[in-house]
Structure formats: structure tokens, C-alpha cells
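Biologist: Hi! Could you walk me through this one? I'm still new to reading structures.

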2 protein chains.
Amino acid sequence: MSELRKDPIVDRWVIIAAERGQRPSDFEPVPQSVSATGCPLCEGSEDKTPPEVFAIRDGTPPNSPGWQVRVVPNKFPALAIEGESDRHGIGLFDHMNGIGAHEVIIENPDHYADIAQVSVECIGNIFTAFGQRTRDLRRDERFRHIIIFRNHGAAAGASLTHPHSQLIALPIVPKLVRDKLQTARNHYRRKERCIFCDLIEQEIALAERVVYQNDEFVVLSPFAARFPFSVGIYPLEHSYDFVSMAHDQCLSLAEALKFILGQYRTVLGNPAYNLTLQTAPNTLPRPGHPDYWGSIEYDYHWHIEIMPRLTKVAGFEWGTGFYINPVAPEDAAQYLREETTSQPVAVGPH
Amino acid sequence: MSELRKDPIVDRWVIIAAERGQRPSDFEPVPQSVSATGCPLCEGSEDKTPPEVFAIRDGTPPNSPGWQVRVVPNKFPALAIEGESDRHGIGLFDHMNGIGAHEVIIENPDHYADIAQVSVECIGNIFTAFGQRTRDLRRDERFRHIIIFRNHGAAAGASLTHPHSQLIALPIVPKLVRDKLQTARNHYRRKERCIFCDLIEQEIALAERVVYQNDEFVVLSPFAARFPFSVGIYPLEHSYDFVSMAHDQCLSLAEALKFILGQYRTVLGNPAYNLTLQTAPNTLPRPGHPDYWGSIEYDYHWHIEIMPRLTKVAGFEWGTGFYINPVAPEDAAQYLREETTSQPVAVGPH
């Protein structure tokens, strides 16, 4: 089983997945296989994955062809589903067992389907699967937070090209999520308003960083974006948890996602990117429990972040947590709103 | 001038360096030039850089050949040395001008010199230059923190192969540094001991994560390392600030650094890596100033972190701040202590 260890200086947990342990020579870059030959996620290869835990099917039996979306446990999970957390200290150090869930959401039976080009209904199905799996895993009291993410392209850490996302259920609420929650809570307590709602309202009024908007969602180029052309997708109506989305909201979100991923293809030439779905932590711990998050339904506002991988993270960023973004978010928004790249931004010396 | 912007949800500053602004098509990967031809950092090309601000020379005049180490302002700085911070708010957002210093420490006149293979005296000279520049820049009250870093290899974000480091003086103390300081301070207030000293003592007693030790420094494989084969270098004697190093300490540090970078070459095959020097923030703000750090000389313990770039940072990490490390730090320490890779660690399924 993998281990969770906490850095004693920076309040940060790490998964030590030495069961996936590698020799120093195993870190030679492996070219990403693009072909469908031998792909374990393709329709017809259902026996190459662990048995499915969810699928959208046309009445076909589980683990057979005939599905639109299929969710399976990760064959090489970072965290194991069985066991207890066994929290303990070793002098200054904190340790617990690597329990959790690690699942793969196979987004399409077709190896070559592109999420930026499939139908809105197909994308909506993916969010239905995310919601169903999240709801199911939240029943397990050992899990405190669920993160869903999508790595597109080798530079974003994707090892398989078949369209897929991943879900990890964690036995702790990560520091980055806690920091967001704490800011949102402080704001709510002072103002009785959601900080995300305030931010969305301010951005829509200013208009300069709005990339796309429909009836339910807005796509923003963040004011303090760390990475060029990164965006956030926010529900316009306050909502702390994405699983509460109705079917038509799923379709509106699918439209917004299809727009921005399509623009990435057109404007940036299909870059590698990481997408993360940031929703509230699990609320199972009851009042009085140290991990009980109380008024989270007022404080928090779920959202999606997408970060194209166009620049390298270097020593400055690793040493300070401080990022250098070479593209003004307003310029990025302008590029991403438009169909073509015909209007250049000001370019300085190189 | 570039801008500093603060994310209103995560307490994190970003440098928007749009003067370096690029068109979407400018992010095509550019192969790193390995050759010395046209290198602006080579001996004899002193006129291709801004005038030097420091050099170790054998009596030769500034900006001419005949130097061991040379420091020049970065030709395309992320922050500008002239101007005032002009802090202001825009609704929820915080903004200030991008003032600071951005310098390049040219570590060797020879384009092909390798820091893992040059003499200990040559490496010691680099630390002398770091110390001299830090001492000088700290006299400027606008600067609150100085970070020194080294990017080796294209995967670590290096654009030039000539051996060099960089220094950035920032007008704020970054959140990651504040977090470390706060933990160290809390520990000191409770125990009247430095948390880093406690950690070093525990690690030396346990021995399993010690990679190297000499009279003055220890190299540790961190208990909760985020990246495979990353290490920390710590002075054994408590010291909050690296500029206080005497000449013989510089040489001991050079020995430690040469050992670990040599092991990276031997064991890992010269991987790309990021190195950061983490010292205390500038202490110029006087008592009563909101950025006055008080008892920092007791709390903090300077150190160096080195992170080989062997794995990709993906959606899970960006979404949670939580890392998956596929190599147990104890196994990494064992590999890095040894001359060869003859003793494999246990390897799980792939």
C-alpha cells in the first residue's frame, strides 16, 4: 500500500507510491502511444480493465461493448480502496496509509474522439458519470475530498491518449482546497456573500476577462492567472457542489467546455493541458468532528480550472510558489474570445 | 513594467510580465541551443550583456575577459529595478507594480563547464557571488525577499546552456516562504528550538534518509519529498541566513553540492533539475512595520532544495497541491549514497 506523508515545515501531504516504485533508469521519457492498437480503454477491450463501477449503456451487460461512458478502477492506483488510515507520528513526521479511490472515467468508446469536437450530449454524459461516482464515493466516511482531473497531452502528464479523466478520493482535505475554503469562509462571515459570486459579478461588469458566457456558466481568464491562457469555468448561480447539477445544467457546462477546448485547438494549436474540477470537500464528518466544514454550502462555489501547458515551471516558481505569466489575462481573454489570431498583442523584446 | 497581481481566493501573487508578451504561436517549443556559438554569457562576449554588477576577477577591468564568476542584470527581467510599488486595489483584486531585481550569475567563463565537475573553489566562488549580491540588494528597502535559483536542462525551464544561476529580489515575501517561517516560528515559540535543527538531528539519528554529510552540511532525502530523488542541503549549525557563511563554509557547501550533482549525473544520467536557495527574508523593515519578521534569527534555518525533473506535474497536483512521488525517499537516499545503481528497489506492477 502507498503511504501519505506530511512535510513538517510546509503543511503539505505527499503520496509515496513506492509500489509503483521505479529504478533510476525507469525515468527515461517514454513516447506516448497515440495509436488505438492495444489500448485498454477502447470499446471491445473491456476485459483489459478492472470491472466497471459505472457506465452509461444502451441496455448492454456490464463489461461488454455498447457504452457511451465507462468508469473503472485505475489498474495502478495511487491509493488503495481497502484498509484503515492508521494515522501516526514518527518524531516530527506525520504518516498515514494511502487509502482512497482512484478511478478512470473513459469518456468515449472511440479512441480518436476529441472532447472539443464530440456532441454536447457526449460531454454532458461525462459530467453525469463524475456526479454519479462522486455521490457513491462520498458515502465512504474515510474519504474527505474528491478531486476530478483530466490530463491532455504528454506534456500534461497523460500516458494514454484515449480520451479519459481520473477521479481520486482522498482521506484528507488538501491544503490548497483548505486555503480556498478558508478565504471563502472569512469573506462570507464578514459580508454574508460568496466571494466567488462577488468575483463573477465584478468580472462580468468589467467584461475584459470574460471569455464566454451562456445562461448557466461563465468562462473567465483569471485576474492573477499563473499560466498563459488558463481559464476558470464558474456556474453563474451560487452552488457549492457540482453534483447538484440538473441535466440541462450539465449540457450548458458541456457547451462552455466545448467552446473553450475548441478555442484552445484553434488559437493555441491543440496544446497539452490539465483540467481540474474543484468542488466542496465531502461533508460526511458530523458537527464536532475536526474535519467538519460547517457552513460550506454558503461559503464555497464550485468551479473548473484549465491550465494549458505552454511554459515550464522552473526554480523561481518551485522556490517561492510565485509564478511568472508572460501573457496578460486580458490579452489571453481577447485571443480566446476570437475565432482567429489576427489581432496580436503588444510584444516586448526577446 | 510588469505587474504583480494577487489571486483573491488563494493568497498567491503572480508576476504578469506582458512586456515579455507573446502571441499564441510563440509558445511552440524552441529547441535549447547547446553550442557556445553566439552565447552571450561566454568569456569574450561581455558586451552582449548589460554591464556587470559584480565579478571575481584577476585584476582585469570590468566587462572585459579574465573573470571566474560574473553577475549581470537579466536582459529581459521579470521585474524592473526602477519605480515604486504603487499598491492598489481594484474591487476584490490587489495590484502592484513589478519592481524588483533580476540578475544572472554566470558561474564559469567556459560554456561547457559542468558544476558537478569543476573544482570546489569554483563552486565556492558562486556562493561568494550569491552572498555579495544578496547583501547589496538588501540595502534597498523596497525589496522584501531574495530568491536564488538554478535551472539545469530544458525540462527545468533553462533556455541557455551556459552554466548560470539567477537571482530575483521581490517586493513581497512569497506565501510559500511565509508558510515556512510561520511553522518555524510556531515551533520555536513552543519549544525554544529551531524546527530545522530538530529535523536534522532526527534524520541523522535515523540515518535512513541521509545522503551525504561533511563537517558543515548534511544532504537529506526529505521524508515527504514531492519529487523522486529530490534533496535538501542544510547547514549543521543553526543559521538563518546564508550570507553569514565564512569562506571555509562556502567550500564545505561546494563539496556537498558537487557530491550530489555528481551523483545525479552518475545515478540518474544528468537529469534536468531545479535548485533553489531558501534563506530568510530581508530584515530591513523595522519593528512595527507589518512586514517586520522579528525573531527570524532564532526561527529560521536556511537551506537548498534540488528537484530533478523526472516526472510530469499533472492535474491531480495542480488541483490539490498534493504530489505523488513514485520513489520512497529512503530508496532514493540509498541510490544517491552509492556509486552505482546495482541494488534495485522493489518495483511494482506497471
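Predicted model: local features only at pLDDT ≥ 70, side-chain atom pairs only at ≥ 80, totals over all residues.

Biologist: Where is B:Phe229 in chain B?

Modeller: B:Phe229 sits in the loop between strand 11 (217-220) and strand 12 (231-235) of chain B. Its backbone stands out too: B:Phe229 is not a glycine, yet it has a positive phi of about 70°.

Biologist: And A:Asp86, what is its phi?

Modeller: A:Asp86 has a positive phi of about 45°, and it isn't a glycine either. You'll find A:Asp86 in the loop between strand 4 (67-73) and strand 5 (88-90) of chain A.

Biologist: Is A:Asp86 buried or exposed?

Modeller: A:Asp86 is exposed, with 11 other C-beta atoms within 10 Å.

Biologist: Let's zoom out. How many helices and strands are there in chain A?

Modeller: Chain A has seven helices and 15 strands. Its radius of gyration is 21 Å, close to the 20 Å that the globule rule gives for 350 residues, so chain A is as compact as a globular protein of that length. The C-alpha trace of chain A spans about 55 × 50 × 45 Å along its principal axes.

Biologist: What percentage of chain A is buried?

Modeller: Buried residues account for 49% of the 350 residues in chain A.

Biologist: Can we look at one strand? How many residues of strand 12 of chain A are buried?

Modeller: Five of the five residues in strand 12 (residues 231-235) of chain A are buried, so that strand is largely enclosed by the rest of the structure.

Biologist: Which way do they point?

Modeller: A:Val231, A:Ile233 and A:Pro235 point one way from strand 12 of chain A, while A:Gly232 and A:Tyr234 point the other way. There's a handy rule behind that: in a regular strand, side chains alternate between the two faces of the sheet.

Biologist: Which strands pair with strand 12 of chain A?

Modeller: Strand 11 (residues 217-220) of chain A runs antiparallel to strand 12 of chain A, joined by four bridges. There, A:Val219 stands opposite A:Ile233. Strand 14 (residues 303-308) of chain A also pairs with strand 12 of chain A in the antiparallel sense, over three bridges, and A:Val231 stands opposite A:Ile306.

Biologist: New topic: how many residues of chain A are in contact with chain B?

Modeller: 82 residues of chain A are in contact with 83 residues of chain B. Helix 2 (residues 175-191) of chain A gives the most to that side of chain A, with six residues. By class, the side of chain A that touches chain B has 48 nonpolar, 18 polar and 16 charged residues.

Biologist: Which strands join across the two chains?

Modeller: One such pair is strand 2 (residues 12-16) of chain A and strand 15 (residues 323-325) of chain B, which run parallel and are joined by three bridges. In that pair, A:Ile15 stands opposite B:Ile324.

Notes
Residues numbered from 1 in each chain as written. Chains lettered and ligands numbered in written order. Rg over C-alpha atoms; globule rule 2.2 N^0.38 Å. Buried ≥ 20, exposed ≤ 12 C-beta atoms within 10 Å, placed from the backbone. Contact = placed C-beta atoms within 7 Å. Nonpolar A, V, L, I, M, F, W, Y, C, P; charged D, E, K, R; others polar. Pairing = 2+ DSSP bridges.
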